[in-house]
Amino acid sequence: MSGPAIVATEVSRTYDLDGVSVPALRGVSLTVAEGDYMAIVGASGSGKSTLMHLLGGLDRPTGGTLLIGGRDVATLSPPEMARLRNEVIGFVFQSFHLLARTTARDNVALPLVYRGIGRRERRARAAELLERVGLGHRIDHRPNQMSGGEQQRVAIARALVTGPSVLLADEPTGNLDTATGRSVLELLESLNAEGVAVVLVTHDNEVAARARRRIVMRDGLIVSADPVGGPGAVSAEAAGGSAAVSADPVGGFGVVSAEPGERS
Amino acid sequence: MRLAEAWRVALDALRANRLRSVLTMLGVVIGVAAVVALVAIGTGTKQQIEQQVEGLGSNLLIVVPGRLEAGSAPSVSTMSLDDADAVSRIVGDRSRVAVTIASGENVRAGNREAFASMQGVLETTPSVFVRRLDRGAYLTRSDVNTARRVAVLGAGVATSLFGDRDPIGRQITIGGVRFRVIGTFERLGQSLGVDRDNEVHVPVTAAQRLLGTDRIDGLAIRAPDRERIDALGADIVATLGERHPDTDFSAVTQEQILGVLGDILGVLTGVLAAIAGISLLVGGVGVSNIMLVSVRERTKEIGLRKAVGARPRDIGLQFLLEAVLLTTIGGILGMALGIATALLADRFTPVPAAVTWWSLALAFGVSAAVGIVFGVVPAQRAGRLDPVVALRTE
C-alpha cells in the first residue's frame, strides 16, 4: 500500500448515553504514516482510547473523515470494516486478550482463520511469527503456562500474522514489570524498524518518550503533537509530559493549551 | 471463516463446558427419545391390531343390527337362526356363515370358578374365523341340531379351571347348567382389548336354551371372493331388512374396521408425538437459555475475534453451530435412547413397539431445527455485539 496508513481529519466521536450527548473526541486530525512510531498519551478520559478504537476501525466517527488503508470508513459495511481490521491493523492489548484454552500457535493463527486461510498454512505462519518474537519453544503452550511478557509476545505475534501496516498497542506494558515491559517495547521497535507503523496508547511517559512522535490528548482534543527529535529531546519531553498528565486539572473546554511543558 | 473451522470452534466451546453441555443436551435427548419411543409404541400398537383384525380371516363380512354411524343408538338384535338360514341361502354355502350369541357367565369345574364369555355358535365358526384347537374337537352340526351341552374352552379358561390337567371329557357348569368339555383352543392373547382366551364356545342352540331366548347377536360371513363382498353385503342387508322391517342392519368388512381403527390409532399416535414434541420444545428453550449465557460469558472473546477480523456473520455462525451441535448430538443420543426404549418395551412388556424411519428422520430433523430456531437469537446477539464494548467487558 502506498500513502499514509491512517488519515483522520477533524474526527469527532459523540456517545449517546440515555439521551445525553457526551463528546469523547471533538475534532482530531492525525496521520499515521507508513513506518511511523507514535505515542498517544493522556489521562484517562482524555479520549485516547476512543481515538485508538477509531484508528483501529473498531468504531466509527460521528463527524469528520477517517481513512484507513485509503478507504473512508463511513462508506464501509460492518463486514468490510472487519476485513479492514484484519488486513491493515494489528491490535495489542493491555490484558493480552488471548484465548485461554488455546495454544500459543492457535492464538497467533486466529486472524488467519477469518481470512479463510487453510489450517496447515495458518499453523506454519503462526509458528514462524512465534519464532520471530522469540517464543519458538513455547508454540504449544497455553496462556496460563506462560509469563505475562510471553503472553504479550504471543499477542504481538498474533497482531503481526496478517502482515498489517499498523500495530495499535493499547498500554502494551501496563500489566508487565519494568524489565519485561522494556523488552516488549524493544520488540515493537525492532518491528517498527522493519517497516510496520507502531502506535502506542499509554499514560506512561517513559514509554511514550521512546516514540518518534508524541500526541498529547486532553478532553477529546489533541493538545500537542510534537515530533520528538534526538535522544536529548526525548528526556526533556518526557519530563514535561509527565507533569502535564499528572498535574493537569480539567482544562477549559475548547481551549487548546500551549505546550504542557510550559505549565510546570 | 471456513465452515470446517467454525465446527471445530463450536465443538471446542462445548468441550470447555462439558457438564453444562451434557445437561443442556439432556433436555433434547429426552425430548427426541420420547418422540421416537412414543411414536414407535403407537405404530407398534397399530400394526398389532391390524394383524389381529386380518388374523380373523380373510374376506370377512360382519352383519349386525343397527346403523354404523356416529351418534346412532345401539340396537337390540331381533335376528334369529332363521335369519342365519336365509343368509346361508344367499351365500349358497352354510359353512361360510357363522352366528354368535354372547353372554358373560360363571363357569365352574369342581370347586374352581372362572368368569368367561360364553359364545353360542354354529359348528361353522372355525371355517369362517381363524381359530385353531389345541386339544380335542370342535362342535359338530349334530351338537348344534340337538343342543348338546358340550363346550370348547379358551386357553385361559381351561388353565384357570383345570390347571395342567387335561380338561377333555370333564364336566363343567355354565350358569349352573352342566356341560362336557370336548376341546380347547390354542392360546391367542389379547385382541382389541378383549381377552380372547376367555371364551367358551357352546352350540348356539344350547346357549339360547340357557339364556331363554331364540335370538342371535350377529352374523359373520366369509365371502367366496373379495370382488363380490360389497354386493353380497348389500344383498344380505336387503334380505334381513325385508324380514325385519323395523330394524336397520349393517354389513362391515375388515377393510372398513381397519380403516376406522387406523384413524383412531393415527390420532392417538399423533397426540403421543405432540406431547413428546412439547418436551423437545422445552429442551430447545434450555438450549437457547444456555446459548445466551454462553454469549454473555464470552463477550470478551467475541470482542477479540471481531478485533482481529471476524465479521458479524462469522461470530453468529460460530454460536449458531454451537447450538445446532448441541441439539443434533442430543438428537442422535435421543434417537439411540428412543430406539432402545422401544425395543426393550416391545421385548419385555406387553406394549408393542415398532420403530419407523419416518419418526427417526422427523425427530432428528426437528432437533436440528430446534437448534437453529433457538440458536438464532443468541447468535444474532453475539454477531451484533459492539467490539469496543465487548473488549472492555471484564
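**Cores, strands and contacts**

Mentor: Let's start inside. The largest nonpolar core has 126 residues, and those with the most contacts inside it are A:Ile40, A:Val166, A:Leu167, A:Val198, A:Val199 and B:Val36. A nonpolar core is a set of buried Ala, Val, Leu, Ile, Met, Phe, Trp, Tyr and Cys residues joined through C-beta atoms within 7 Å. Buried means 20 or more other C-beta atoms within 10 Å of a residue's own, exposed means 12 or fewer, and partly exposed is in between, with C-beta atoms placed from the backbone. Helix α2 (residues 18–55) of chain B gives the largest share of this core, 14 residues. A second, separate core of 53 residues includes B:Ala158, B:Ala220, B:Ala223 and B:Leu240.

Trainee: Where do these numbers and letters come from?

Mentor: Residues are numbered from 1 along each chain as its sequence is written, while chains are lettered from A and ligands numbered from 1 in the order in which they are written. This is a predicted model, where local features need pLDDT of at least 70, side-chain atom pairs count only at pLDDT 80 or more, and totals for chains, interfaces and linings use all residues.

Trainee: What is the mean pLDDT of chain B?

Mentor: pLDDT is the predictor's confidence in each residue, from 0 to 100. For chain B the mean is 88, and 96% of its residues reach 70 or more. The model scores ipTM 0.83 and pTM 0.72.

Trainee: How many helices and strands does chain A have?

Mentor: Helices (H or I, at least four residues) and strands (E, at least two) are DSSP runs, numbered from the N terminus. Chain A has nine helices and 10 strands. Two strands pair if DSSP finds at least two bridges between them. Take β7 (residues 166–170) of chain A: five of its five residues are buried. A:Val166, A:Leu168 and A:Asp170 lie on one side of β7(A), with A:Leu167 and A:Ala169 on the other.

Trainee: Which strands does β7(A) pair with?

Mentor: Four bridges link β7(A) to strand β6 (residues 89–92) of chain A, running parallel, and A:Gly90 stands opposite A:Leu167. Another five bridges join β7(A) to strand β8 (residues 197–202) of chain A, also parallel. There, A:Asp170 has A:Val201 as its bridge partner.

Trainee: What about an antiparallel case?

Mentor: Chain A has an open sheet of four strands in the order β2-β1-β4-β5, with antiparallel pairing. β2 (20–32) and β5 (71–72) of chain A each have a single partner strand, so one side of each is left without a neighbour in the sheet. Inside, five bridges join β1 (residues 6–17) to β4 (residues 63–68) of chain A.

Trainee: Is A:Pro143 buried or exposed?

Mentor: A:Pro143 counts as buried because 20 other C-beta atoms lie within 10 Å. You'll find A:Pro143 in the loop between α4 (119–132) and α5 (148–160) of chain A. Two residues are in contact if their C-beta atoms, placed from the backbone, lie within 7 Å. Leaving aside neighbours within four places in sequence, A:Pro143 is in contact with A:Leu98, A:Ala100 and A:Gln151.

Trainee: How many residues does each chain bring to the contact between them?

Mentor: Chain B brings 17 residues and chain A brings 20 residues. On the side of chain B that touches chain A, α10(B) gives the most, with five residues.
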